[in-house]
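Hello,

Here is the model I promised to pass on to you. Have a look at it first, and then read my notes below.

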Amino acid sequence: MRHHKLTAKIVILYIILILVAIIMILPFYMMFVMSTLKTNEIYSFPPHLWFGTNLAANWANMLKQVDIVRAFGNSLFVTCSYTFLCLLFCSMGGYAFATYDFPGKKQLFTVLLTTMMIPFTAGIIPWFIMMSKFGWLNTFRALIIPSCANAFGIFWMRQYCQNNVPISLREAAKIDGCSEWTIFFRVIAPILIPAYSALGIMQFVNTWNDFMQPLMILRTPQMFTLPLALKSMVSDRGNDYGAIMLASTCAVLPLLVAFLCASKFFMSGLTAGAVKE
Amino acid sequence: MSSVKTAVPVTNNNRNQNAFLKALYKYRVAYVYIAPFFILFAIFNLYPIVAGFGLSFFRWDGMSKLHFIGIENYLNLFKDVLFWKATGNTLLIGIIAHIPILLGGLALAHILNSKLVRGENIFKTIYFMPMVTSSVAISIIFMQLFSNNYGLINWFVSVFGGEKVNWLGGDGSLIKVAVIVMFAWKWIGWNMVIYLAGMQGISQDIYEAAEIDGASSGQTLFRITIPLLKPIILFTLVQSTIGMFNLFTEPFILTNSSWTGGINNGGLTVMMYLLNKAPQGGNAYGYASAVAYIITLFIVVISTIFNKVFEEKDDEQKMAKGRKKA
């Protein structure tokens, strides 16, 4: 009897898990389906639930509306530059806080921790005014430079360095005649690769999908990143949904495929900071 | 330069300065390493935050001279019906959406942690997918799913014998349902993965002891797991609260890029209200700064309340020592 009860329980648990999984997958599935449908097939009821044959035409229509290749390039440029600078500055800062002794270290680190608690919203208006005074509106600089050295990243890199970088390593390299920069890039940086990949994934995903900052900064279509290009396709009436869904697929698919290939990496990167190492 | 300096009597101030410069030079490597953060933070974060507070006491259109008006911006803000509408919408969406992402996240994590089911990684991966997806793309998809005449959701409604519901139209209030669904859909996996990691960090000994004492699965969840997960739950709560106040993209896209939240301001959120005052739409920079500070205040107050509520009591701290490192 007990055995039957347990089997029933397991079945119910699986049903719950699978039901939630279907809910999570369904929007993606519908996006793929709709990107292969004609617009009048999308505007029909009941909805089409299987793939159509209009992919090529949707592709042509999409290219008429937005320069998706350019938007893709813009997104890639902004995201890669930002992520690169962020990793460089955060690892430098975290490494210094973890392994060097210098006057004011404690106080500066407290300042750094405090800055993590201030929401950026408080300064958003002066930040925007500053960007326009600098002449940084409609430039990628405004999206890359202001926040590329972030407190969380330094905090996180410091934790990693404390656990993985022995101070004696630097002393040994110094005796061998290496300069500080050589030590950092040749000896320390390779040790930090796991930390780089986790923090890098977090910054990459967030920047790639960011909408609000690009919306405030970027003005002309040739500067648009993917989310902005997507938004520009949606208007009050006469939406070509097949093309829009295909563009959405273009924006979503690269990261989604990367995620499915290395989901453990992504999950640990994107939840970094939540669970103590 | 240095010879001149030795000629004059060294004052205290001078000596301090010298010591400071010497320290700066001696430890220059470390200072150079941490400098980028502090310089960039001072220019691009600290200065705007301080300036924003100052600016909130002025009337300024971005071009002409600043007008000092005291706390008038704040008074006007509190008198603005639209601001309260935006606050109400944001809180309503946030509070209702937190039910599925908290309880659902915990329940799913508990199921996957229970050893009765397999395929933990597959389910985790599937639930986490929305977190790597652009909010704009998600919003566009859900806009179609929630569409009145052709949407999948209304098809389900009609299959189960209901009348089609005009989610995105009508009197504008049902748009909040769509936003809540999207918010929950996006965040539940993130919460679940974090809770699961936390659960797997709890020592198995405690569970075995509970099992010997005859505790049921529900009892272990509410009496052992959740109390031990408090710090982690607090973290997710604070994060999603910040996410709630930053809520903008989803209602913005769902209402066809309307800066006022669509019909009857049904989808207006505080972040949208802020951006609509300046720089998108209006030029009320002083007023917008006041709005930004009030939103920040909301976030700080709510986070503090959560911290107080979740403050660990002594006996719980003793129990927490049973946690092994995750």
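Which residues does Met129(B) touch, not counting residues up to four places away in sequence? Please keep in mind that this is a predicted model. The residues that Met129(B) touches are Met24(A), Phe28(A), Leu256(A) and Phe259(A). Met129(B) sits in the loop between helix H6 (120-128) and helix H7 (135-145) of chain B. Is Met129(B) buried or exposed? Met129(B) is buried, because 23 other C-beta atoms lie within 10 Å and 20 or more are enough for that label. From Met129(B) to Phe146(B) there are 17 residues in sequence and 20 Å in space, C-alpha to C-alpha.

**Where the chains meet**

The contact takes 79 residues from chain A and 74 residues from chain B. On the side of chain B that touches chain A, helix H3 (residues 28-55) of chain B gives the largest share, with 16 residues. That side of chain B has 56 nonpolar residues, 17 polar ones and one charged residue.

One helix pair to look at is H14 (residues 241-261) of chain A with H7(B): their axes come within 9 Å and cross at roughly 145°. This crossing of H14(A) and H7(B) is left-handed. From H14(A), Tyr241(A), Ile244(A), Ser248(A), Ala251(A) and Val252(A) take part, and they meet Ala137(B), Ile140(B), Ile141(B) and Gln144(B) in H7(B). Sorted by class, the residues of this contact of H14(A) with H7(B) are seven nonpolar, two polar and no charged.

Cys148(A) is another residue with a partner in chain B. Leaving aside its neighbours within four places in sequence, Cys148(A) is in contact with Leu40(B), and also with Tyr82(A), Leu85(A), Cys86(A) and Phe89(A). You will find Cys148(A) in the loop between helix H7 (141-144) and helix H8 (151-164) of chain A. Cys148(A) has 24 other C-beta atoms within 10 Å and is therefore buried. Although Cys148(A) and Tyr82(A) are 66 residues apart in sequence, their C-alpha atoms are 6.0 Å apart in space.

**The two chains, one at a time**

Chain A has 15 helices and zero strands. Its radius of gyration is 24 Å, well over the 19 Å that the globule rule gives for 277 residues, so chain A is more spread out than a compact globule. Along its principal axes, the C-alpha trace of chain A spans about 75 × 70 × 40 Å. Of the 277 residues of chain A, 40% count as buried. Among contacts in chain A with a separation of 6 or more, 77% are between residues 24 or more positions apart.

Chain B has 15 helices and two strands. The radius of gyration of chain B is 27 Å, whereas a compact globule of 326 residues would have one near 20 Å. The C-alpha trace of chain B spans about 95 × 60 × 35 Å along its principal axes. Buried residues account for 41% of the 326 residues in chain B. Of the contacts in chain B between residues at least 6 apart in sequence, 69% join residues at least 24 apart.

**Within chain B**

Helix H4 (residues 72-79) of chain B packs on helix H14 (residues 285-310) of chain B at an angle of about 70°, with the axes 9 Å apart. That angle makes H4(B) roughly perpendicular to H14(B), because the label covers 65 to 115 degrees. The crossing of H4(B) and H14(B) is right-handed. Asn73(B), Tyr74(B), Asn76(B) and Leu77(B) in H4(B) meet Gly286(B), Tyr287(B), Ala290(B), Val291(B) and Ile294(B) in H14(B). The contact of H4(B) with H14(B) has six nonpolar residues, three polar and no charged.

Some backbone details are also worth a look. Ala278(B) and Pro279(B) are joined by a cis peptide bond, with omega about 0°. Pro279(B) is in the loop between helix H13 (270-277) and H14 of chain B.

Asn264(B) is not a glycine, yet has a positive phi of about 50°. Asn265(B), not a glycine either, has a positive phi of about 55°. Asn264(B) lies in the loop between helix H12 (249-254) and H13 of chain B, and Asn265(B) is in the loop between H12 and H13 of chain B. Asn264(B) counts as partly exposed, with 14 C-beta neighbours inside 10 Å, whereas Asn265(B), with 22, counts as buried.

Best wishes

Key. Residues are numbered from 1 along each chain as its sequence is written. Chains are lettered from A and ligands numbered from 1 in the order in which they are written. This is a predicted model: local features need pLDDT of at least 70, side-chain atom pairs count only at pLDDT 80 or more; totals for chains, interfaces and linings use all residues. Axes are lines fitted to C-alpha atoms, for helices over the stretch in contact, and angles run from 0 to 180 degrees between N-to-C directions. Helices (H or I, at least four residues) and strands (E, at least two) are DSSP runs, numbered from the N terminus. Angles under 35 degrees count as roughly parallel, over 145 as roughly antiparallel, 65 to 115 as roughly perpendicular and the rest as oblique. A crossing is left-handed if the near helix is turned anticlockwise from the far one by less than a right angle, and right-handed if clockwise. Two residues are in contact if their C-beta atoms, placed from the backbone, lie within 7 Å. Ala, Val, Leu, Ile, Met, Phe, Trp, Tyr, Cys and Pro count as nonpolar, Asp, Glu, Lys and Arg as charged, and the others, Gly among them, as polar. The radius of gyration is taken over C-alpha atoms; the globule rule is 2.2 Å times the number of residues to the power 0.38. A residue is buried if 20 or more other C-beta atoms lie within 10 Å of its own, exposed if 12 or fewer, and partly exposed in between; C-beta atoms are placed from the backbone.
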